[in-house]
Amino acid sequence: MDYEVAGLPLHVLLVHVVVVAVPLFALVLLLAAVWPAARRVLWLPALIGGVLLVVLVMVTVAAGEWLEARVPPAPLIQEHTAQGDELQPWVVGLLLVAVALAAWAIVELVARRRERAVGRGAVVAATAVLAVSAVGVGGGATWTLVQIGESGSRAVWEGSFSEDPLE
């Protein structure tokens with residue numbers, strides 16, 4: 001597959017989407033975990049978004065590997081590529097949190113339709129588990145993303161610009 005768009009490597013373009021999407025998705029999951037009204041509205045978009053995020057990261061990693069094969073070998077690029085693979089398990093974890101969130105939202109929806117209240121203990125427990133999961137997995141995904149971005153920036157820019165303005 002050709003990972004190029006208008007003469008630019010697709011990886012360079014997709015990275016910007018991933019950098020915004022991962023932390024934003026983690027925040028959406030946290031919001032839906034702790035706020036029942038948001039959960040009622042966001043569970044399906046979060047589920048769909050989780051699937052799309054996994055696909056986006058997989059394509060971004062594949063485009064990065066395609067790009068790596070087309071640039072001179074360098075330790076910084078190899079480090080960046082190795083770190084890029086570390087994001088995939090985190091976004092799968094985010095998807096699993098979204099699945100758990102959707103399952104809980106459906107339980108609440110069914111209970112409301114049957115005009116039964118979900119037990120207070122179950123609500124507190126589910127909210128706590130979902131919130132801790134969203135913070136843990138979202139934080140891990142975001143931290144991993146920052147490390148990957150930092151190594152990618154070093155690979156591209158380290159030693160390739162002047163400290164002083166060029167004449």
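Predicted model: local features only at pLDDT ≥ 70, side-chain atom pairs only at ≥ 80, totals over all residues.
Is Ser151 buried or exposed?

Let us start with the whole chain. It holds 5 helices and 2 strands, and reading along the sequence gives the pattern β-β-α-α-α-α-α. The radius of gyration of the chain is 20 Å, well over the 15 Å that the globule rule gives for 167 residues, so the chain is more spread out than a compact globule. If you turn the model along its principal axes, the C-alpha trace spans about 70 × 35 × 30 Å.

Of the 167 residues, 34% count as buried. Among contacts with a separation of 6 or more, 83% are between residues 24 or more positions apart. The accessible surface comes to about 10100 Å², and carbon and sulfur atoms account for 70% of it. As for charge, there are 9 positive and 14 negative side chains, with the centres of the two sets 30 Å apart.

Now back to the opening question. Ser151 sits in helix H5, which runs over residues 120-157. With a relative accessible area of 2%, Ser151 falls under the 20% cut-off, so this residue is buried. Leaving aside neighbours within four places in sequence, Ser151 is in contact with Leu76, Glu79, His80 and Gln83.

One of these partners, Gln83, deserves a visit of its own. Gln83 belongs to helix H3, residues 75-84. Its relative accessibility is 17%, so Gln83 counts as buried too. The side chains of Gln83 and Ser151 make a polar contact at 2.6 Å. Seen from Gln83, and not counting residues up to four places away in sequence, the residues touched are Gln147, Ile148 and Ser151.

Most residues other than glycine have a negative phi. Ala6 has a positive phi of about 50 degrees although it is not a glycine. You can find Ala6 in the loop between strand E1 (4-5) and strand E2 (8-9), and with a relative accessible area of 80% this residue is exposed. Glu115 also has a positive phi, near 55 degrees, in a residue other than glycine. Its place is the loop between helix H4 (87-113) and H5. At 75% relative accessibility, Glu115 counts as exposed, whereas Ser151, where our tour began, is buried.

How values were computed: Residues numbered from 1 in each chain as written. Heavy atoms only, no water. Helix = DSSP H or I, 4+ residues; strand = E, 2+ residues; numbered from the N terminus. Rg over C-alpha atoms; globule rule 2.2 N^0.38 Å. Buried < 20%, exposed > 50% of the residue type's maximum accessible area, 1.4 Å probe, protein only. Contact = heavy atoms within 4.5 Å. Areas by Shrake-Rupley, 256 points an atom, 1.4 Å probe, with all protein chains shown as cover. Lys, Arg positive; Asp, Glu negative; His and termini not counted. Charge placed at Lys NZ, Arg CZ, Asp CG, Glu CD. Polar contact = N/O pair within 3.5 Å; in protein donor to acceptor, adjacent residues only side chain to side chain.
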